[in-house]
Amino acid sequence: MTGFANAADRAAFIAALPKAELHLHIEGSLEPEMMAALAQRNGVRLAFDSVAAIRAAYEFSNLQDFLDIYYQGMAVLLTEADFHDLTTAYLARAAADNVRHVEIFFDPQGHTARGVAFADVVGGIARALDDARARGISSRLIMCFLRHLSEDDAQATLDQALPHLHLIHGVGLDSSELGHPPDKFARVFARARALGLRLVAHAGEEGPPDYVWQALDVLGVDRIDHGNRALEDAALVQRIVGAGLTLTVCPLSNLKLCVVRDITAHPLRAMLAAGLKATVNSDDPAYFGGYINANFIAVADALDLTRDELLILARNSFTGSFLSAADQAPHLAAIAALG
Ligand code: HPA
Ligand code: ZN
């Protein structure tokens, strides 16, 4: 074991690292216990009759398998208080993992399509983020467009967001990747950019390297979410490295959605070796079996990551964030002090 006496020693080092989480779908932090409690509070009928049955359904062979269950789970989220409680629960988990900054995705179309008011979704999340700010966790909110829906639907969602842009820092692109390339959303991303929003997109999770090229060249993203399949194209890797763009990598998600066949086959070390600014994130922790430290530990144990690699990953999480350089500085200093 490189640089650590044993696995417990490495886990303790990971736990002590200050971290930023840059790839977290707030709806994907809905634990089965909270799903059952909110179903009861809101009088929503679930397809499952126990928490154990909900958890037992979490066996996925690809992204779409997961998304089908993820959209079902969202049905219990109806009120501003629901979004507040969901976000508060995630932030408590993040704080326990020594996460100091979060950039949270939300999927408004998953809620407005069910009749939930956009203001209740964003208001509930933002109220919880405000509470956490007072306790030392900074945050940004990123509104994702569901790529299986039309660009017109995304434009209508951006219209709905206009009165709330003081709470929203960026836009992203998620949901079913294959068959829904980034260029489908060229106009809405251009409009978001003109509004001063930062841009990210899921690309190269299941989709081919061409989708990553499109995210860069057509959408002009500031960051790539996942990006695993970029490794298949050396010119693309050079482009991402040259631009200094960050990849938000999600090891346990990749395992559960069969993006990698085994955690020991995860490309994280190869990404770092290629000079890519990779970070470690939990994606949808309630569905994929672990929050950020569990992701770090799983991939560090499987790949025998060194102290230096773990320090780089923690550093990348802040330098890849949308915090200003001045706001990154104390976190980078705290990481340097552990080196
Ligand atoms: N990929 C695409 N869409 C998603 C994901 C993901 O990992 N999680 C939630 N929506
Ligand atoms: Zn994701």
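Which loop holds Glu31? Glu31 lies in the loop between S1 and helix H2 (32–42). Helices (H or I, at least four residues) and strands (E, at least two) are DSSP runs, numbered from the N terminus.

This is a predicted model, in which local features need pLDDT of at least 70, side-chain atom pairs count only at pLDDT 80 or more, and totals for chains, interfaces and linings use all residues. Residues are numbered from 1 along each chain as its sequence is written, chains are lettered from A and ligands numbered from 1 in the order in which they are written, and side-chain values use heavy atoms, with hydrogens and water left out.

**Around Glu31**

With a relative accessible area of 13%, Glu31 is buried. Buried means under 20% relative accessible area, exposed over 50%, and partly exposed in between (1.4 Å probe, protein chains only). Setting aside neighbours within four places in sequence, Glu31 is in contact with Arg55, Arg93, Ala286 and Tyr291. Contact means heavy atoms within 4.5 Å. Asp85 is 54 residues from Glu31 in sequence and 12 Å away in space, C-alpha to C-alpha.

**Zinc site**

The zinc ion (ligand 2) has His23 (NE2), His25 (NE2), His202 (NE2) and Asp283 (OD) as protein donors, at 2.0 to 2.3 Å. Donors are N, O and S atoms within 2.8 Å of the metal (3.2 Å for Na, K and Ca); water is not among the atoms, so sites may look incomplete. The donor residues follow the spacing H-x1-H-x176-H-x80-D. His25 in strand S1 (residues 19–25) and Asp283 in the loop between strand S8 (277–280) and helix H14 (285–288) link distant parts of the chain, 258 residues apart. Both His25 and Asp283 are buried.

Why is the arrangement around the zinc ion (ligand 2) irregular? The 4 donor atoms subtend angles of 81 to 173°. Four donors count as tetrahedral if all angles lie between 85 and 135 degrees; four count as square planar and six as octahedral if opposite donors are over 155 degrees apart and all others between 65 and 115; anything else is irregular.

**Sheet and helices**

An open sheet of 8 strands runs S1-S2-S3-S4-S5-S6-S7-S8, with parallel pairing. S1 and S8 stand at the edges with a single partner strand each, so one side of each lacks a neighbour in the sheet. The twist averages 25° from one strand to the next. Strands pair if DSSP finds at least two bridges between them. Strand S3 (residues 138–146) and strand S4 (residues 170–174) run parallel and are joined by 5 bridges. Ile142 stands opposite Gly170 in S4.

Helix H10 (residues 209–219) lies across S4, strand S5 (198–203) and strand S6 (223–226), at about 165° to S5. Helix H15 (residues 292–303) packs on the sheet, touching S1, strand S2 (99–106) and S8, and its direction makes about 100° with that of S1. Axes are lines fitted to C-alpha atoms, for helices over the stretch in contact, and angles run from 0 to 180 degrees between N-to-C directions.

Cys258 is in the loop between helix H12 (251–256) and helix H13 (268–273). Asp304 is in the loop between H15 and helix H16 (307–319).
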